Amino acid sequence: MRIAALQMKAIAGDIEANLARIAAAAADAAKGGASLLVVPELAVTGYGAGEATFSDIASPASGDTVARLSAIAREKGIAIIAGFAEREGTAVYNSAVFTDGIGTNAVYRKSHLYGEYERAAFKPATPASVLVELGGLRLGMLICYDVEFPENVRRLALAGADLVIVPTALPQGASGTFIASHMIQVRAFENQVFVAYVNHCDSDGLFAYAGLSRIAAPDGTLLAEAPAQVEALLFADIRPADYDTSRAENTYLADLDRPV
Ligand SMILES: NCCCCC(N)=O
């Protein structure tokens, strides 16, 4: 299955502009033969929108934001995973939705919020394995900081995920460069899964982002990577059978509970 990942300069607080950008990328991704388009953390609202704006424009899983993403997926003929601010009652979650546009929607809520900015705006969710099937593959979702906790990726791998999708808002800096340039490939290798790590680029007035989006294979190699500061649409062919040797040589999951 071919996937596409949009490293995106989102506009803080401008849902219309961000949805238009996502729709254009969905058209390009479908033309490129992709079955799935992934866009960054809070791509619909912009990561730097701020607590008050998140509260004002947050939308329930059954609401307008997911409906419009689903309509884009249906119109362009491609599934979409997108970060959005999700409202449930008085709570607002930092969420990501999978929609195939033809009836399947699945929402994942970020469990490991990063910094006071996020903790002031969002409610943390209990860590959970949200898996969806697409193109014969099992996709799991995490959001940015979640992936920096090995337990979260391991949980998805043990639940049967072939591919872990990570919408992200990784800031510029030495730590961000290390995480993007090293940690993501290790997460893929130590769990023998594919990992798609999809970041913002440039800045939104509040944050400057590292870019450096990438799609890593189970053997730790990169199938695609973006530069630091510009928008990019990445493509990768996800073929688990190509990594049977890696799985046979690196039996972490099988050996996890083997008696010592
Ligand atoms: N190293 C922590 C960066 C996490 C940023 C985020 N949006 O979760």
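This is a predicted model: local features need pLDDT of at least 70, side-chain atom pairs count only at pLDDT 80 or more; totals for chains, interfaces and linings use all residues.
Strand β6, comprising residues 131-134, and strand β7, comprising residues 137-141, pair in the antiparallel sense over four bridges. Two residues lie between the strands of this hairpin, in which Gly-135 takes a positive phi near 60°.

The faces of β6 are covered and uncovered, respectively: Val-132 and Leu-134 form the covered face, whereas Leu-131 and Glu-133 form the uncovered one. Leu-134 is also among the residues touched by Ala-79.

## Helix α1 and its packing

Helix α1 spans residues 15-31 and has 17 residues. The distance from its first C-alpha to its last is 24 Å, close to the 24 Å expected at 1.5 Å a residue. Just after the helix, Gly-33 takes a positive phi of about 90°.

The buried residues of α1 are Ile-15, Asn-18, Leu-19, Ile-22, Ala-23, Ala-25, Ala-26, Ala-27 and Ala-29. An α-helix has 3.6 residues a turn, so residues three or four places apart point the same way. The buried residues of α1 pack against the strands β1 (2-7), β2 (36-38), β3 (79-88) and β12 (232-237), and against the helices α2 (51-57) and α3 (64-76).

## Ala-79 in strand β3

Ala-79 lies in strand β3. Its relative accessible area is 4%, and Ala-79 is therefore buried, the cut-off being under 20%. Leaving aside residues up to four places away in sequence, Ala-79 touches Ser-35, Leu-36, Leu-37, Ala-73, Phe-98, Thr-99, Asp-100 and Leu-134. Between Ala-79 and Leu-69 there are 9.3 Å in space, C-alpha to C-alpha, and the two residues are 10 residues apart in sequence.

## The ligand and its surroundings

The residues around the ligand are Glu-41, Tyr-47, Lys-110, Tyr-114, Glu-118, Cys-144, Tyr-145, Glu-148, Ala-169 and Ile-179. A side-chain N or O atom of Glu-41 is 3.0 Å from a nitrogen atom of the ligand. For Glu-118, a polar side-chain atom lies 3.1 Å from a nitrogen atom of the ligand, while a polar side-chain atom of Lys-110 lies 2.8 Å from an oxygen atom of the ligand. Taken alone, the ligand exposes 280 Å², of which the protein buries 94%.

Lys-110 is located in the loop between β5 (105-109) and α4 (115-121). With a relative accessible area of 1%, Lys-110 is buried. The side chains of Lys-110 and Glu-118 make a polar contact at 2.8 Å.

Most residues other than glycine have a negative phi. Gln-192 is not a glycine, yet has a positive phi of about 55°. Gln-192 is placed in the loop between α6 (174-191) and β9 (194-198), and counts as buried at 4% relative accessibility.

Leu-212, also a residue other than glycine, has a positive phi near 60°. The position of Leu-212 is in the loop between β9 and β10 (214-216). At 15% relative accessibility, Leu-212 counts as buried.

Methods. Residues are numbered from 1 along each chain as its sequence is written. Side-chain values use heavy atoms; hydrogens and water are left out. The expected span of a helix is 1.5 Å times one less than its number of residues. Buried means under 20% relative accessible area, exposed over 50%, partly exposed in between (1.4 Å probe, protein chains only). Contact means heavy atoms within 4.5 Å. A residue is near a molecule or strand if one of its heavy atoms lies within 4 Å of it. A polar contact is a pair of N or O atoms within 3.5 Å; within protein, one must be able to donate a hydrogen and the other to accept it, and residues adjacent in sequence count only if both atoms are side-chain atoms. Accessible areas come from the Shrake-Rupley method with a 1.4 Å probe; for residues, only the protein chains shown count as cover. Two strands pair if DSSP finds at least two bridges between them.
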